Amino acid sequence: MDIIVCVKKVPDTREAELIITKDGKDIEKGELVCDINEWDRYAVEEAIRLKEELGGSVTAVAVTPDEDEDLLRKCLAMGADRAIMVKDESFRGSDAHVIATALHHIIKDLPFDLVFTGVQAEDDGYAQVGGILAGFLKVPHATLVTQIEVLERKVQVHRELEEALMEVVELDMPAVCTIQTGINEPRYVSIMGIRKAAKKEMKTLNTSDLGLTEEELGDSASKVKIKGLSLPPSGKGAEILKGSTGEIATKVASILKSKGVLA
Amino acid sequence: MREILVLAEHRKGVLRDITWEMLSLGKELAEKMEAQLTTVLPGYEVKSLADELSTQADLVLLVEDERLQNFSSMAYQQVLSTLITTRKPIITLIGHTACGIDLAPGLAAALGMPLATDCLSLTLTEKELTAVRQIYGGKVNAEVACSCEKGCIATIRAGVVSPWGEETRKGKVEVIQSPSLEGISRQRFIEYVEAAIGGVDITQADIIVAIGRGIQDKENIPLAEELAKALGGTLACSRPIVDKKWLPKAHQVGTSGKTVRPKAYIALGISGAFQHIVGMKDSGVIIAVNKDPRAPIFEVADYGIVCDLFDFMPVLKEKAKELLQRR
């Protein structure tokens with residue numbers, strides 16, 4: 001069972017105050033802590049679990065404009081066998097189509113039974129790369145996968161639909177799955193673990209190694225372009241309750257009473 | 001005739017709400033672009049759905065085939081790519097749903113068309129599609145653009161556009177021969193499974209205390225549970241709590257969980273991802289507690305409290321106990 005898992009590094013913006021860059025097309029990332037995309041973490045874990053159960057190999061792949069060696073080291077520490085990073089400045093501002101094109105160029109010459117991506121990325125949330133990649137590779141795919149069972153030359157997966165409904169789908173291998181959070185419990189990686197994994201194989205390629213042309217790269221090749229970003233106004237809807245915690249609790253209690261609860 | 005194409009989404013014999021929402025959006029675009037509003041309905045024995053759709057579209061393309069009985073991204077892709085190639089619509093609208101997420105990227109790749117996903121609103125001109133989307137978990141709005149001169153595809157977030165509700169059109173239904181659907185057997189629908197729901201039914205609660213990532217640790221859940229109990233309410237949660245297996249799926253509010261409408265909803269440490277908000281926005285009153293004043297939950301809340309929820313929970317619990325004792 002040879003599995004390729006595609007990963008991305010994203011900034012943690014959950015509790016941060018975000019500032020839009022001068023050109024209006026991105027946010028200032030200097031102060032933000034970056035880590036593996038949440039969905040990708042589950043995808044890496046799922047790949048490693050399958051390998052541990054069935055044998056084979058896991059290859060982590062990243063296409064990035066930045067020096068993301070630490071991202072791939074983390075995947076290796078989790079249990080991936082090797083990693084491939086394609087770093088090129090021109091990936092900055094790339095849309096999903098360009099990223100999937102680059103991934104396709106890496107993956108098409110590798111042996112694989114399954115390719116995993118996260119369902120989407122925490123930053124741009126397009127949820128496109130896996131589906132486009134499957135199209136390029138001409139293999140069947142399933143998105144929003146919450147369970148995988150490997151059978152003889154095929155996989156049976158659960159896809160998460162709406163309203164607590166799932167659908168069971170079978171795919172002939174090779175296939176692409178985009179992995180949903182909650183499918184497993186990703187393992188913790190220690191600094192020691194990352195050090196231990198330092199000896200594992202990590203290949204850094206550039207775009208010309210892949211035979212990618214300039215027309216296939218970056219903002220100019222992207223079909224969907226960012227025109228501008230804006231911050232929604234703070235607390236637009238909510239009336240912010242102020243005062244001591246006790247005063248606020250009293251206000252909340254009276255609001256609840258007025259709504260016919262706590263009465 | 002220029003055309004706006006909408007994919008009708010249905011499951012288990014019922015058209016899904018997103019279909020009406022997209023038809024409503026499609027109607028606006030069609031009027032502006034002086035285009036025909038067409039909807040495509042792939043399925044099997046779904047003539048009655050086609051008639052329903054004809055009340056809100058100029059033309060319904062009914063593609064019936066036994067192999068289209070349940071959604072399959074491979075089969076749907078062939079149906080749509082055949083239609084799009086021959087009819088050349090300005091834009092094709094698909095729901096940003098479990099169906100659309102599975103279908104749209106592969107379809108766009110096969111057609112070499114630009115694809116804007118998870119759009120909140122669209123503006124169309126002769127040359128360009130501009131879409132508004134949310135990035136960074138809803139903390140930033142992004143305006144994105146792509147060419148529509150050779151057609152384009154957009155997936156639309158569910159629950160954002162209001163459906164028209166009433167009859168706007170008296171459209172025709174045209175039966176279209178299904179394409180060959182070669183190669184689709186590599187992907188097979190087996191069955192639907194209900195997520196295991198047991199014990200609690202959060203949809204029946206008058207008051208819900210819901211926790212999110214801000215609860216930080218499984219060990220802290222009893223604090224929220226005690227608060228819920230003191231208020232006579234039910235404990236619910238957002239997706240990350242279920243992902244971490246801290247609470248069973250039955251407690252989850254949101255797109256892939258339950259939709260709730262309690263009299264009062266208290267959100268503790270929930271940032272307010274859209275997928276959560278759809279499941280609780282129609283609650284009677286929403287009170288949100290979050291450390292981050294820019295958390296998107298405050299957009300939908302009636303009252304916001306910017307503080308550490310661990311400071312707030314015990315105080316509110318005592319207050320509630322006090323009040324209930326006084327009764």
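Predicted model: local features only at pLDDT ≥ 70, side-chain atom pairs only at ≥ 80, totals over all residues.

Chain A and chain B bury about 7500 Å² between them, and the second largest pocket has a volume of about 1200 Å³.

**The second largest pocket**

- Rolling a probe the size of a water molecule over the atoms shows where empty space is left.
- The second largest pocket, at about 1200 Å³, is lined by 48 residues.
- Closest to the centre of this pocket are A:Lys8, A:Gly93, A:Ser94, A:Asp123 and A:Asp124.
- Several elements of chain A each give at least two residues to the lining, including strand S2 (9-11), helix H3 (96-107), strand S6 (114-118) and helix H4 (129-137).
- Which element supplies the largest share of the lining? That's S4(A), with 4 residues; strand S4 covers 57-64 of chain A.
- Sorted by class, the lining has 24 nonpolar, 15 charged and 9 polar residues.

**Where chain A meets chain B**

- On the chain A side 86 residues are in contact, and they touch 90 residues of chain B.
- Of the roughly stated buried area, about 7500 Å², carbon and sulfur atoms give 57%.
- In chain A, the residues that lose the most area to chain B are A:Glu162, A:Ala164 and A:Leu262, together 8% of what that side buries.
- Between chain A and chain B there are 43 residue pairs in polar contact, counting pairs where both residues are at pLDDT 80 or more.
- Elements of chain A that each bring at least two residues to this side include helix H1 (38-54), strand S7 (141-151), strand S9 (165-172) and helix H7 (245-258).
- The largest share of that side, 10 residues, comes from H7(A).
- By class, the side of chain A that touches chain B has 38 nonpolar, 26 charged and 22 polar residues.

**Charged pairs**

- Side chains of opposite charge can pair when their charged atoms come close.
- Over all chains, the structure holds 45 salt bridges, and the count between chain A and chain B is 10.
- One salt bridge has the side chain of B:Arg16 meeting that of A:Glu162, at 3.5 Å from N to O.
- Another salt bridge links B:Asp102 and A:Arg159, whose closest N and O atoms are 3.5 Å apart.
- B:Asp102 sits in helix H4 (residues 98-111) of chain B and A:Arg159 in strand S8 of chain A, so this pair joins two chains.

Note on methods: Residues numbered from 1 in each chain as written. Chains lettered and ligands numbered in written order. Heavy atoms only, no water. 1 Å grid on protein atoms, 1.4 Å probe; cavity = no way out; pocket = protein on both sides within 12 Å on 5 of 7 lines; lining within 4 Å. Points joined across faces, edges and corners; volume = space filled by probe spheres on them. Nonpolar A, V, L, I, M, F, W, Y, C, P; charged D, E, K, R; others polar. Contact = heavy atoms within 4.5 Å. Buried area = accessible area lost by both parts, 1.4 Å probe. Salt bridge = Lys/Arg side-chain N within 4 Å of Asp/Glu carboxyl O. Polar contact = N/O pair within 3.5 Å; in protein donor to acceptor, adjacent residues only side chain to side chain.
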